[in-house]
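The entries follow the order in which I checked them.

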Amino acid sequence: MNVAEFGLERWFDKYEHDADIMLAESGIRSLDASRFDLDPGTLGYVIPTNGDPEFRAEVGERYDRSAEEVAFTCGTQEANFLAFTSLMDEDSHAVVVTPTYQALHAVPEAVGSVTRVSLEPPEWELDVDAVADAIRPETEIVVLNNPNNPTGRYHPQEKVEAVYDLAADADAYLLCDEVYRLLAAEPLPPVASLGEHGISTTSLTKAYGLAGLRFGWIAGPEDVIEGALQWKDYTTISPGIVGQHVARQALGADEDEILTENRELAADHRDRVRAFVEDHGLSWHDPVGVNGFVSVPDGFDDSEAFCRTVVEEESVVLAPGSMFGYDDYFRIGFGLPTDELEEGLARVGDCIERHRA
Ligand SMILES: Cc1ncc(COP(=O)(O)O)c(C=O)c1O
C-alpha cells in the first residue's frame, strides 16, 4: 500500500517553525489547558479501549445512535483512516468530493480506487448529478467534508440528503467529515443521524480549539464501527486517557460557553478577512468555519509563488491552493488570536501591494 506525500503537512514542516505568524492553521485558536481539570486519576489505557461506554452513549445520542455505534479515536484523522481501511479493499471504489483535506482522498486512493467529483468554483457548489455519475457497482463509500476545507462551503441539507440517498441506493455509505460543523451558526443534522448508510467523523480539534487532546470519534452503523475497531487495535489501541477526561468536560457543562465563544470569534474574524479580501481586490466564497479560499493576487505566477513570497518576505505562512489542486487560490486560516490575525493581514496586504506596483 503506497500513500501520496501529504503536501500541506510537508509545506508546514518547511515553514511553520521559523515563521512569525501562522495564517494557515485551519482550526480555531487553542484553548488554555488551565481551563480544565487535567487529572484523570491513573494514567492507564482507556478501558474498554474503544472508549468509556457511558461517554460513548452520550456522544451517540447526538446521532440517535447507541454506545456501540460510536468509537473514540485519536482525532478525525484516525476516525477517517479506520473508516477507509475497514470498508475498502483493493477492489473497492470511493467517490470523493474535492477539493478537500488530502487524507480524505489519499487514504482511499492508497487502499482502493477513487473517482473525484469537483466542486464548481467560484461558489464551490456540490453537483449531485456528478456524484450519481461517479458511483459504480463496486463503490463502497461516498466522501464529503461539510463544511468544506479548504473552501468554507457549507453544502445545504437537501444536497447532503440527495447524496445520502444516492449512497444508500448503491448500498454504499456516505461518510461526512464534520470536524468544522459546530463552527456553523446553524449546524445541519450530522450525516450519521440520517440513517443506516450515514457515517460521521469529527473531533474536538477545529470547533472547540482542542487539537492537542487528539480526541475524536466515528459514529455509524455497528458493523462499520466493529470493522474500524479491528483496525484500531493496530493503530492507537485506545484514545488517550487525558484526552477523554478533558473531552467529557468540553462536551459537558463547558460546551455552550466554548462553542459560543468560538463562533463569535470566527464570525468577527470572517468580517475582518472579508474586508481584507475586498480592500485588495481579491475574491472568495464567503466561508463557514475559519478557512477561506482566496484568489491569488496579480503579480504572482501561481499559488506557491505567492505563498513562498509571503513567507520569505513577511514571515507569514499561508497554504497554497496547489496543495488542493487549485493553483490560482490560497487558503487563509482566520481562527487565530485577533492581534495575530490583524498583524498577519497587514503584512500580507503590504506584500500584495508591493508586488502589484
Ligand atoms: C477536514 C479535516 N479532517 C480532519 C482533519 C484532522 O483533524 P484532527 O485533529 O481531528 O485529526 C483536518 C485538519 O486540518 C481537516 O481539515
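I began with Lys-206, which is buried at a relative accessible area of 15% (buried means under 20%, exposed over 50%, partly exposed in between, with a 1.4 Å probe and protein chains only). I worked on a predicted model, where local features need pLDDT of at least 70 and side-chain atom pairs count only at pLDDT 80 or more, while totals for chains, interfaces and linings use all residues. Residues are numbered from 1 along each chain as its sequence is written, and side-chain values use heavy atoms, with hydrogens and water left out.

I then found that Lys-206 makes a salt bridge with Glu-25, their closest N and O atoms lying 3.9 Å apart (the rule asks for a side-chain nitrogen of Lys or Arg within 4 Å of a carboxyl oxygen of Asp or Glu). Lys-206 sits in the loop between strands E7 (198-203) and E8 (216-219) and Glu-25 in the loop between E1 and H2, so the pair ties together parts 181 residues apart in sequence (helices, H or I, have at least four residues and strands, E, at least two, as DSSP runs numbered from the N terminus). Glu-25 is partly exposed, at 34%.

I next looked up Arg-272 and Glu-342, whose closest N and O atoms are 2.5 Å apart in another salt bridge. Arg-272 belongs to helix H9 (residues 255-279) and Glu-342 to helix H11, so this pair joins parts 70 residues apart in sequence. By this rule I have 23 salt bridges on record.

Last, I checked strand E3 (residues 93-98), where 6 of its 6 residues are buried.
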